[in-house]
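Open the model in your viewer and keep the selection panel at hand.

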Amino acid sequence: MKENAFMDKGSMPDENRMIEALGNCYPFYLKLMDLAKGFETKWTFYKGWSLKVFKKSKALFYLVPYSSFFTVNMAIRESERENMLGDADLAPFRQALIDAKKYNEGYAVIIEVSDNNSFNLCYDFVSKLILFR
């Protein structure tokens with residue numbers, strides 16, 4: 001089972017610890033943070049540290065660091081989901097959007113970033129999500 005790279009509630013992650021934890025995926029983290037530069041960020045702790053990326057308290061995504069990879073966890077609103085299902089650029093996510101479990105905040109979509117291919121897919125998805133928001 002995957003375990004968050006930062007489980008110590010008393011020790012919030014910093015850049016040096018992110019570099020160490022993410023390893024080869026650290027540049028992907030930087031590129032994703034650059035994409036979301038118009039949003040605020042805040043480290044939060046719930047079963048491990050995660051980075052909330054948000055605007056006006058509404059989360060764009062939560063980035064959860066693991067050893068050598070990270071996940072990008074999002075709640076997709078109904079209208080966004082419908083737009084995304086019809087977007088040819090997001091065809092690789094069609095089934096995930098159809099199968100996504102619905103919560104009060106929206107449909108849960110989690111993208112694991114562990115290599116260049118998964119990062120590019122994640123980057124495209126988050127780029128579209130920013131446009132819809």
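Select residues 40-45 and 49-55, strands S1 and S2: they form a hairpin with 3 residues between them. In the turn, click on Lys47, whose phi is positive, about 60°. This is a predicted model, in which local features need pLDDT of at least 70 and side-chain atom pairs count only at pLDDT 80 or more, while totals for chains, interfaces and linings use all residues. Residues are numbered from 1 along each chain as its sequence is written, and side-chain values use heavy atoms, with hydrogens and water left out. Strands (E, at least two residues) and helices (H or I, at least four) are DSSP runs, numbered from the N terminus.

Show Glu40 and look across to Phe54, its bridge partner in S2.

Next, colour the whole sheet. It is open, has 6 strands in the order S1-S2-S3-S4-S6-S5, and its pairing is antiparallel. S1 and S5 (102-103) are at the edges with a single partner strand each, so one side of each has no neighbour in the sheet. Further in, S3 and S4 pair over 4 bridges, again in the antiparallel sense, and Leu63 has Val72 as its bridge partner in S4.

A pocket here is an open set of points on a 1 Å grid over the protein atoms alone, where a 1.4 Å probe fits, with protein on both sides within 12 Å along at least five of seven lines; lining residues have an atom within 4 Å of a point. Of its 29 lining residues, select Tyr62, Val64, Asn73, Met74 and Ile110, which lie nearest the centre. S3 (58-65), S4 (70-76) and S6 (106-113) each supply at least two lining residues, and the largest share, 6 residues, comes from S3.

For the last stop, select helix H2, residues 26-35. Its buried residues (under 20% relative accessible area, 1.4 Å probe, protein chains only) are Tyr26, Phe28, Tyr29, Leu32 and Met33. Look down the axis of H2: these residues fall within an arc of 155°, so they line one face of the helix. The arc is taken from the directions from the helix axis to the C-beta atoms.

Conventions: Pairing = 2+ DSSP bridges. Buried < 20%, exposed > 50% of the residue type's maximum accessible area, 1.4 Å probe, protein only.
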